Amino acid sequence: LMSYWKPGPYSLIALLNENKELGGYPNEVPVNSTVNLYIYIENHENKLELYEIKVYVTNSSFIVNSTNYPKGKPYLVFYDLIKNNQNNTIPLNVTFNKPGNYKLIILLYMCNGSDFIYTGLYNQLYINSTVK
């Protein structure tokens, strides 16, 4: 039975710290400093996949989930073509120009041939930007 089992199809998105590791994310940064992170995408869709990754910087109170997500103009947009069973790591640099409590939201979209459709997959990170 196990020889016939094939995982998928699925995609994976993760946020990595400046050392390309999970965890250890900055949660407080000085105003006008840049946060260096990485977006990790993994493709197990059983086919070549074109991804769109939208990055938003919102108020920390914005609630994100698989059905409620930002729909306005993103802070950054990336496109990535990934072969099946492959992955890619994308550098992400975000600068906070004003003090405040923010939420960094990363949304994953897949191309359905003519449009990009939200997969329901996301990552979020709370960041407090302070004057020091």
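This is a predicted model: local features need pLDDT of at least 70, side-chain atom pairs count only at pLDDT 80 or more; totals for chains, interfaces and linings use all residues.

Over which ring does the charged end of Lys 20 sit, and how far is it from the centre?

Modeller: Happy to! Residues are numbered from 1 along each chain, and side-chain values use heavy atoms, without hydrogens and water. The mean pLDDT of the protein chain is 93, with 94% of its residues at 70 or more.

The charged end of Lys 20 sits over the ring of Tyr 38, 5.0 Å from its centre (Lys NZ or Arg CZ within 6 Å of the ring centre and within 35 degrees of the ring normal). Likewise, the charged end of Lys 71 lies over the ring of Tyr 69, at 4.2 Å from the centre.

Tyr 69 takes us on to a group of rings, since ring pairs link Tyr 69, Tyr 109 and Tyr 118 into a cluster (centres within 6.5 Å; planes under 30 degrees stacked, over 60 edge-to-face, the rest tilted). The model has four aromatic pairs by this rule. In one of them, Tyr 69 and Tyr 118 have ring centres 4.1 Å apart and planes at 40°, so the pair is tilted. That pair joins distant parts of the chain: Tyr 69 belongs to the loop between β4 and β5, and Tyr 118 to strand β8 (residues 116–130), 49 residues apart (strands are DSSP runs of E, at least two residues, numbered from the N terminus). Tyr 109 and Tyr 118 make another tilted pair, with 5.4 Å between centres and 50° between planes.

As for burial (buried is under 20% relative accessible area, exposed over 50%, partly exposed in between, with a 1.4 Å probe and protein chains only), Tyr 69 counts as buried at 18%, Tyr 118 is buried at 13%, and Tyr 109 is buried at 6%.

How values were computed. pLDDT is the predictor's confidence in each residue, from 0 to 100. Rings of Phe, Tyr and Trp (its six-membered ring) pair if their centres lie within 6.5 Å; planes under 30 degrees apart count as stacked, over 60 as edge-to-face and the rest as tilted. Helices (H or I, at least four residues) and strands (E, at least two) are DSSP runs, numbered from the N terminus.
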